[in-house]
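I opened my notebook and began with charge. Then I went on to the fold, the surface and single residues.

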Amino acid sequence: MSTIGYENWAVDLANVGAIYPFQGWEIPMTIVGVVFWLAWHRIQFKRESADLEEAGKLADKEKVAEIIDRY
């Protein structure tokens, strides 16, 4: 199986060029990676914000004020 179109490697490798799989897909894969990375950060931000909001609602406001005033 050849992913770059060469069935026989008995050639001058100086004339071959890139010898890694999926050549030509560097830019689309980079774009997909960046979009995935940004989407992951957005999802994490939303989930953590919701968790912090819920934790803030469960906290006893008088106790929190007392702890803050102590410092």
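Entry one, charges. I am working with a predicted model. I counted 7 positive and 11 negative side chains in the protein. The centres of these two sets lie 11 Å apart.

Entry two, fold. I looked up the secondary structure and found two helices and zero strands. The radius of gyration is 27 Å, while the globule rule gives 11 Å for 71 residues, so the protein is more spread out than a compact globule. I also noted the box that the C-alpha atoms fill: roughly 80 × 20 × 20 Å along the principal axes.

How much of the protein is buried? I found that buried residues make up 3% of the 71 residues. The protein exposes about 6900 Å². Carbon and sulfur atoms supply 64% of that area.

Entry four, a patch. Which residues form a nonpolar patch on the surface? I listed Trp9, Val11, Leu13 and Ile19. Together they have about 400 Å² of accessible area. I then checked Ile19, which sits in the segment before α1 (26-58). Is Ile19 buried or exposed? Its relative accessibility is 52%, and the cut-off for exposed is over 50%, so Ile19 counts as exposed.

I placed Phe22 in the segment before α1. Phe22 has a positive phi of about 60 degrees, although it is not a glycine. I wrote this down because most residues other than glycine have a negative phi. Phe22 is exposed too, with a relative accessible area of 57%.

Terms used. Residues numbered from 1 in each chain as written. Predicted model: local features only at pLDDT ≥ 70, side-chain atom pairs only at ≥ 80, totals over all residues. Heavy atoms only, no water. Helix = DSSP H or I, 4+ residues; strand = E, 2+ residues; numbered from the N terminus. Rg over C-alpha atoms; globule rule 2.2 N^0.38 Å. Buried < 20%, exposed > 50% of the residue type's maximum accessible area, 1.4 Å probe, protein only. Areas by Shrake-Rupley, 256 points an atom, 1.4 Å probe, with all protein chains shown as cover. Lys, Arg positive; Asp, Glu negative; His and termini not counted. Charge placed at Lys NZ, Arg CZ, Asp CG, Glu CD. Patch = residues over 30% accessible without salt bridge, like charges linked within 9 Å, V, L, I, M, F, W, Y side chains within 5 Å. Salt bridge = Lys/Arg side-chain N within 4 Å of Asp/Glu carboxyl O.
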